[in-house]
Amino acid sequence: MKKNHSSLLIVRCLLLLLLLTASSFAAPYDPYTWRDSTWDYRSEDSTDIAANVSVPKVAGVASLTLIAYGAAYWLVFEKGWWDDDRSHFHFENDFDYALNLDKFGHFAAGVILGESFYEGYRWAGTSEFQAYLFAGLSAMMTHVAIDVKDGYSPEWGFSIFDVLSGTLGGFLPMAERYIPVFKYVDLKWSYWINTKAYYRQSDTGIFTDDYCNQTFWASFKPYRLLPNAARQYYPSWLAVAAGLSIDEKVFTREPHPRREVYIALDYDLEAFRPQSRMARTIIKYLNYFKLPAPAIQVYPEFNWFLLYPIKF
């Protein structure tokens, strides 16, 4: 049985409450500098904004984080293997599980954690760079904490590569701020239940482990790559995405499970340029999700779908 990742989902949900609070009370920024000619959508947090650390706010961020951790452990592990006999601490790198698509899942969890921690640290008054750095480190420690406990599980184990995947995801927001290539590509996730294969064999039924219904995407933004003279002929919001998924054989135990590769149209929601701080924050989160759009499956066979990930 694969480890239960719902603890990460609980952490993300609770940290989202902090995100909304932080967005509501954050200092106003000049809306016209949010999207400049280089299309750096994170330029709203320019480095010339002076840090003004608030001890009560830092305490609030720390308290909410501890509550999120506590809820994750109590609601998930206390109801799961923690009531059973634990084993000695051990490592396990499950390279045969879900054709390694679960590593993308850990990465995606790290991204949402990193964004949420960033909003909290920025709200608490740390500098932009410090907020990104502390957010990445906090996402890493979240994965370390969960995998340490998994290391005592009789069925799972501490996975170095799960922690590494989540850590890289936690630092993605920082990379998007400081590495220019991320102005032209977004990493996204989509989910729709097209097959019950996972749920028929699962004891927990946690959707985060339902990898045969998940697709992970790299969404490219042609508009930003075009010269200024050509941009008037191409919709700024239209992107093209490449996606990776797996078939249901992974969970039905049929021989030769396969990866699936898709090419799809996509929407760059940031191209609509919302002006308020709250709207920009919501768009930032929504843009991590691949919304339904026309797609073709190019491997291992050819299919087309009108509104993938919905297959009909």
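**The sheet and what surrounds it**

Modeller: In this predicted model, six strands form an open sheet in the order β1-β2-β3-β4-β5-β6, and the pairing is antiparallel.

Biologist: Which strands stand at the edges of that sheet, each with a single partner strand?

Modeller: A strand at the edge has a single partner, so one side of such a strand is left without a neighbour in the sheet. From one strand to the next, the twist averages 25°. The strands that stand at the edges are β1, residues 185-191, and β6.

Biologist: Over how many bridges do β2 and β3 pair?

Modeller: Strand β2 covers residues 214-220 and strand β3 covers residues 238-246. Within this pairing, F216 has L244 in β3 as its bridge partner, and F220 has V240 in β3 as its bridge partner. The two strands run in the antiparallel sense, and the number of bridges over which they pair is five.

Biologist: And what is the bridge partner of S190 in β2?

Modeller: The pairing to look at is that of β1 and β2, which are joined in the antiparallel sense over seven bridges. In β2, the residue that partners S190 is T215.

Biologist: How many of the seven residues of β2 are buried?

Modeller: Here a residue counts as buried when its relative accessible area is under 20%. Helix α3, residues 101-123, lies across β1, β2 and β3, and runs at about 65° to β2. Strand β2 is mostly covered, and its buried residues number five.

Biologist: Turning to the helices, what covers the buried residues of α5?

Modeller: Helix α5 spans residues 160-170, and its buried residues are D162, V163, S165, G166, T167, G169 and G170. The elements that cover these buried residues include α3, α4 (128-150) and α6 (172-178).

**Salt bridges**

Biologist: How many salt bridges does a search of the whole structure find?

Modeller: Some of them belong to a network, in which D186, K221, R224, D268 and E270 are linked by salt bridges. Others can be followed pair by pair, including the one between the side chains of K284 and E115, with 3.3 Å from N to O. For the whole structure, the search gives twelve.

Biologist: How many residues apart in sequence are the parts that the pair of K284 and E115 ties together?

Modeller: The side chains of K284 and E115 meet in a salt bridge, and both residues are buried. K284 lies in helix α10, residues 277-286, whereas E115 lies in helix α3, so the pair ties together parts whose separation in sequence is 169 residues.

Biologist: How far apart are the closest N and O atoms of R177 and E128?

Modeller: Both R177 and E128 are buried. R177 is in helix α6 and E128 is in helix α4, 49 residues apart, so that distant parts of the chain are linked by the pair. In their salt bridge, the closest N and O atoms are separated by 2.9 Å.

Biologist: Which strands hold D266 and K188?

Modeller: D266 forms a salt bridge with K188, with the closest N and O atoms 2.8 Å apart, and both residues are buried. The pair links distant parts of the chain, 78 residues apart, with D266 in strand β4 and K188 in strand β1.

**The surface**

Biologist: Which elements give two or more residues to the nonpolar patch?

Modeller: The patch has an area of about 1100 Å² and is made by V240, I263, L265, I296, V298, Y299, F302, W304, L306, L307 and F312. The elements that each give two or more of these residues are β4 (259-267), β5 (293-299) and β6 (303-308).

Biologist: For the chain as a whole, what share of the 312 residues counts as buried?

Modeller: The chain has ten helices and six strands, and its accessible surface comes to about 14800 Å², of which 66% belongs to carbon and sulfur atoms. Of the 312 residues, the share that counts as buried is 50%.

Key:
Residues numbered from 1 in each chain as written. Predicted model: local features only at pLDDT ≥ 70, side-chain atom pairs only at ≥ 80, totals over all residues. Heavy atoms only, no water. Patch = residues over 30% accessible without salt bridge, like charges linked within 9 Å, V, L, I, M, F, W, Y side chains within 5 Å. Areas by Shrake-Rupley, 256 points an atom, 1.4 Å probe, with all protein chains shown as cover. Salt bridge = Lys/Arg side-chain N within 4 Å of Asp/Glu carboxyl O. Helix = DSSP H or I, 4+ residues; strand = E, 2+ residues; numbered from the N terminus. Pairing = 2+ DSSP bridges. Axes fitted to C-alpha atoms, helices over the stretch in contact; angles between N-to-C directions. Contact = heavy atoms within 4.5 Å. Buried < 20%, exposed > 50% of the residue type's maximum accessible area, 1.4 Å probe, protein only.
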